[in-house]
Protein chains: 2
Amino acid sequence: MCARAVAELADARERGYYSIGRAAELSGVTAKMIRHYESLKLIPKAARTAGDYRVYTAGDIHKLRFIRRARRLGFSIDEIGTLLGLWQNEQRASKEVKRLALKHVAELDSKIEELQSMRAALADLAAHCHGDHRPDCPILDDLGRLPSPE
Amino acid sequence: MCARAVAELADARERGYYSIGRAAELSGVTAKMIRHYESLKLIPKAARTAGDYRVYTAGDIHKLRFIRRARRLGFSIDEIGTLLGLWQNEQRASKEVKRLALKHVAELDSKIEELQSMRAALADLAAHCHGDHRPDCPILDDLGRLPSPE
DNA sequence: GCTTGACCTTGCCACTGGGGGAAGGTTCAT
DNA sequence: ATGAACCTTCCCCCAGTGGCAAGGTCAAGC
């Protein structure tokens, strides 16, 4: 993931390197996304074999797994970049990490609230709709409501 | 929004047409998005003046407001297309509208649940992090956790 | 050695729903 | 007649994927 030109693929495998497909299997991040993360500079450029195949170490795969877990918690790519830096920095202060996590919790909270208010408004409208063959429908009435008499 | 070539802008205004900027003001949908919705065929092509300016009727603006409200409830552009069709169809069955609304409520519910489980997991990790100058951090430990001993 | 097929490479296009801006034309008031 | 305000089209950007196409590499069987 850092050095360059690692000879043949067979060689590379013997030395403990994995192809992008294997890395994808082992980390749960698709090959596509591994390349994408490389292009975004979230991860450094992978080393290549003589045949120009990317090769990954167990450590790289560990890092990819880290990224995948962070994505699942909803962190953005930028935030994950920061988290990776902190993860690999032995001098980090856990305060920094906690601050980032709590900021993200707050973002999640506001998204949740937003969705909940949409949900409530819509469920309320739906509750007042007969839902039969007739055209009358408070849902459409509300969406098409005029703000002021026209 | 349907016919073509409406002569001069001044004429058009006298006949009750609005420019895209006015339509944006009155509907709350930006001029940018009005053009975008037209390109997506969510709304028909607007009529044009001799100078190629789009013109809109009060009815069009009403429709744009409908779209804006539906977006705020989280409906996708596709769903809004369907809702618009139902809105303008006097023969509609309110059952259809209600079904769409309830389906969307279910989608909102699953998104809310997803965010809530992220939120809970992250808040839990953060709660166990000292958040001080020391590097030890359960948040990073969890993100970097190996799935099986290696 | 040659073929086959799995895997890899790059690159482009699509989607969600917008935001921003450039380059140039139109309208209208002064 | 000129400048401001508004309009036009076109393109790039964001996040985070998925998919396709054309081509190169590798390992294995015959």
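Reader: Where in chain A is confidence lowest, and where is it highest?
Author: This is a predicted model, and in chain A the lowest mean pLDDT is 61, in H1(A), while the highest is 95, in E3(A).

Reader: And what does chain A average overall?
Author: Chain A averages a pLDDT of 87, with 89% of the residues scoring at least 70. Residues 1–6 of chain A stay under 50, and for them the model has 19 contacts beyond four places in sequence.

Reader: How much of chain A is buried?
Author: Of the 150 residues in chain A, 27% are buried. As for contacts in chain A with a separation of 6 or more, 59% of them are between residues 24 or more positions apart.

Reader: What's the strand order in the chain A sheet?
Author: E1-E3-E2, an open sheet with antiparallel pairing. Strand E1 (18–19) and strand E2 (47–48) of chain A are at the edges with a single partner strand each, so one side of each has no neighbour in the sheet.

Reader: How many bridges join E1(A) to E3, and which residue stands opposite Ser19(A)?
Author: Two bridges join E1(A) to strand E3 (residues 54–56) of chain A. Ser19(A) sits opposite Val55(A) in E3(A).

Reader: And in chain B, what order do the strands take?
Author: The order in chain B is E1-E3-E2, again written for an open, antiparallel sheet of three strands. E1 and strand E2 (47–48) of chain B are the edge strands, each pairing on one side only. E1(B) is joined to E3(B) by two bridges, and Ser19(B) has Val55(B) as its bridge partner.

Reader: Which ones come nearest to DNA strand D?
Author: Gly51(A), Ile77(A), Ser19(B), Gly21(B) and Arg54(B) come nearest, among 23 residues around DNA strand D. The elements that each supply at least two residues of this surface are H1 (9–14), H3 (31–39) and H5 of chain A, with H2 (20–27) and H3 (31–39) of chain B. Its classes are eight nonpolar, seven polar and eight charged.

Reader: Now the protein–protein side. How many residues does each chain put into the contact?
Author: Chain A gives 50 residues and chain B gives 50 residues. On the chain A side, helices H4 (58–72), H5 (77–87), H6 (94–127) and H7 (138–143) each supply at least two residues. H6(A) gives the most, 21 residues. That side of chain A has 28 nonpolar, ten polar and twelve charged residues.

Reader: What about H6 in chain B, how far does that helix reach?
Author: H6 (residues 94–127) of chain B has 34 residues and reaches 48 Å from its first C-alpha to its last, close to the 50 Å expected. Its buried residues include Leu108(B), Leu115(B), Leu122(B) and Leu125(B), and also His104(B) and Arg119(B).

Reader: What covers those buried residues of H6(B)?
Author: The cover includes H6 and H7 of chain A, together with H5 and H7 (138–143) of chain B.

Reader: Last one: which residues are buried in H4(B)?
Author: Asp60(B), Ile61(B), Lys63(B), Leu64(B), Phe66(B), Ile67(B) and Ala70(B). They pack against H7 of chain A, plus E1 (18–19), H2, H3, E3 (54–56) and H5 (77–87) of chain B. H4(B) itself has 15 residues and reaches 21 Å, close to the 21 Å expected. After H4(B) comes Gly74(B), with a positive phi near 90°.

Methods. Residues numbered from 1 in each chain as written. Chains lettered and ligands numbered in written order. Predicted model: local features only at pLDDT ≥ 70, side-chain atom pairs only at ≥ 80, totals over all residues. Contact = placed C-beta atoms within 7 Å. Helix = DSSP H or I, 4+ residues; strand = E, 2+ residues; numbered from the N terminus. Nonpolar A, V, L, I, M, F, W, Y, C, P; charged D, E, K, R; others polar. Near = placed C-beta within 6 Å. Pairing = 2+ DSSP bridges. Expected span 1.5 Å × (residues − 1). Buried ≥ 20, exposed ≤ 12 C-beta atoms within 10 Å, placed from the backbone. pLDDT = per-residue confidence, 0-100.
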